[in-house]
Amino acid sequence: MISTFKHQIDQSPTASHVVANAARILSEHGFIAYHPSSDSRPHGERGFVVRNGTVIAWRNSMRINEHGARIIGAHTDSPGLHIKPRPDMTVLNWQQLHVEVYGGPLLNSWLDRDLGIAGHIVRRDGTTQLFATDHAVARIPQLAIHLDREVNDKGLILNRHQHLSPVWSVDQPSTSFDAWLSELTQCDRGEIASWSAQLFDTQRGEIIGKNNEFFASSRIDNQISCWAAIDALVSVDGDTPMIIALFDHEEVGSESAVGAAGPMLEHVLESLSLHNNGSRFDYLSLLQHSHCMSVDNAHAVHPNYVDRHEMNNAPLINHGVVVKHNANQRYATSASSLLPVVAAAEKAKVSLQTFSSRNNIACGSTIGPIAATRLGIDTVDIGVPQLSMHSIREMCGTKDPLDLVALMRSYLKRS
Ligand code: CO
């Protein structure tokens with residue numbers, strides 16, 4: 001089963017690719033695509049809407065006003081290096097690309113990797129086309145130790161503007177990114193109205209460890225949760241309303257038209273309610289009766305840095321799904337919102353672990369508190385434990401993701 005995830009993550013270098021893969025799987029399982037621009041509004045037994053790097057899918061919406069919905073939220077984006085508009089630069093005889101840091105990647109991990117370029121173009125007729133190179137075309141070479149003698153003792157300091165530009169050609173001063181992109185996508189330059197592109201590691205995901213205990217790959221945060229959510233939605237049997245919301249832009253704060261702080265989930269919930277003749281009262285009560293599981297990866301305790309954890313609440317790899325707690329509301333979990341997740345875990349025979357950060361180390365946050373604040377829906381923050389979060393090459397266990405799918409199915413089914 002982890003091999004299906006490995007295949008999907010290998011095929012998904014950007015959030016748009018994650019969403020395209022999700023849309024394909026949903027369509028194969030009878031979910032109908034609703035286009036935001038069309039007259040047809042979200043409704044029905046199985047449907048989904050896609051907008052840029054975000055997808056929201058639902059099942060059994062006919063009874064949403066009576067039952068509320070079980071909602072699973074996750075994010076499609078990962079931190080990394082995006083290619084700037086007008087990216088071409090030449091230094092001496094090198095051709096390089098201007099990049100912009102997206103979110104909070106571990107920058108050192110991007111050095112000396114074999115990098116491809118992926119993204120999408122928007123044609124003048126309004127259609128979009130995804131692209132990804134099938135091999136590496138760029139690299140950010142690290143400075144040799146002989147020219148930086150103290151790096152191992154004093155640490156690597158990277159100037160984000162000066163030190164991150166990849167090289168992608170030499171002695172080709174007429175190299176143009178736009179011309180290259182036109183050739184790659186087989187679309188005339190004049191037909192490409194705009195594009196979005198980013199670097200990605202061409203090394204594929206791999207199962208590793210003495211007994212195949214671990215999975216190593218790019219973008220485990222948070223494509224593992226997206227994969228598990230879609231798998232649970234299409235495979236669970238159940239007739240109560242269920243929704244999966246996979247948002248872009250979590251790594252940069254979620255504040256965008258398609259981020260968790262935007263109106264997309266609210267609009268879908270209201271459309272589903274109105275389509276079933278719900279009144280404003282019905283809509284407000286459906287929010288009260290709904291429940292959300294915000295799923296994003298958690299920090300497993302690192303054996304070389306156990307001092308970074310509070311040991312009573314330090315998650316272990318392959319010991320179950322992590323529930324995240326933070327009294328300061330960086331996570332949305334509360335004593336009362338936790339009950340449906342505890343019940344679902346018991347029924348699925350999935351172990352739960354807890355994470356709470358040390359008081360002197362600020363924890364991250366997730367879409368959980370944002371969605372809860374916006375909609376007033378009871379929310380719990382959970383996720384698979386992993387190491388190397390925001391590295392270009394992250395790592396998790398091979399057992400925990402399967403537990404996550406089992407937990408999600410039990411949660412969506414409400415039994
Ligand atoms: Co994340």
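This is a predicted model: local features need pLDDT of at least 70, side-chain atom pairs count only at pLDDT 80 or more; totals for chains, interfaces and linings use all residues.
Strand β4 (residues 70–75) and strand β14 (residues 291–295) run parallel and are joined by four bridges. Within the pair, G73 has S294 of β14 as its bridge partner.

**The nine-stranded sheet**

- Both strands belong to an open sheet of nine strands, whose order is β1-β2-β3-β13-β4-β14-β18-β16-β17 and whose pairing is mixed.
- The edges of this sheet are formed by β1 (32–34) and β17 (352–355), each of which pairs on one side only.
- On average, neighbouring strands of the sheet are turned by 25° against each other, direction ignored.
- In a regular strand, side chains alternate between the two faces of the sheet.

- Strand β18 (residues 378–383) contains D381.
- D381 is buried but has no salt bridge. The nearest side chain of opposite charge is that of K324, 5.2 Å away.
- A polar atom of the D381 side chain does lie 2.7 Å from the backbone nitrogen of A332.
- Leaving aside residues up to four places away in sequence, D381 touches S294, V322, V323, K324, Y331, A332, T333, T366, G368 and P369. S294, one of these contacts, is also the bridge partner of G73.

- Strands β7 (residues 115–123) and β8 (residues 128–132) run antiparallel and are joined by five bridges.
- One of the paired positions is V122, whose bridge partner in β8 is T128.

- Helix α1 (residues 2–10) has the buried residues I2, F5, Q8, I9 and D10.
- The elements that cover these buried residues include the helices α2 (15–28), α6 and α11 (400–413), together with the strands β11 (206–208) and β12.

**Tyrosine 102 in β6**

- Y102 lies in strand β6 (residues 94–102) and is buried, with a relative accessible area of 11%. Y102 counts as buried because this value is under 20%.
- Not counting residues up to four places away in sequence, Y102 touches D77, S78, P79, G80, H82, D248, H249, E251 and V252.
- Y102 and A136 are 34 residues apart in sequence, and their C-alpha atoms are 20 Å apart in space.

**Backbone features**

- D171, in the loop between β9 (167–170) and α5 (177–185), has a positive phi near 60° although D171 is not a glycine. D171 is exposed, with a relative accessible area of 52%.
- R219 is likewise a residue other than glycine with a positive phi, here of about 60°. R219 is placed in the loop between β12 (214–217) and α6. R219 is buried, with a relative accessible area of 12%.
- The peptide bond from D221 to N222 is cis, with omega near 10°. N222 lies in helix α6 (residues 220–235), one of the elements that cover the buried residues of α1.

How values were computed:
Residues are numbered from 1 along each chain as its sequence is written. Side-chain values use heavy atoms; hydrogens and water are left out. Helices (H or I, at least four residues) and strands (E, at least two) are DSSP runs, numbered from the N terminus. Buried means under 20% relative accessible area, exposed over 50%, partly exposed in between (1.4 Å probe, protein chains only). Two strands pair if DSSP finds at least two bridges between them. Contact means heavy atoms within 4.5 Å. Lys and Arg count as positive and Asp and Glu as negative; His and the chain ends are not counted. A salt bridge is a side-chain nitrogen of Lys or Arg within 4 Å of a carboxyl oxygen of Asp or Glu. A polar contact is a pair of N or O atoms within 3.5 Å; within protein, one must be able to donate a hydrogen and the other to accept it, and residues adjacent in sequence count only if both atoms are side-chain atoms. Axes are lines fitted to C-alpha atoms, for helices over the stretch in contact, and angles run from 0 to 180 degrees between N-to-C directions.
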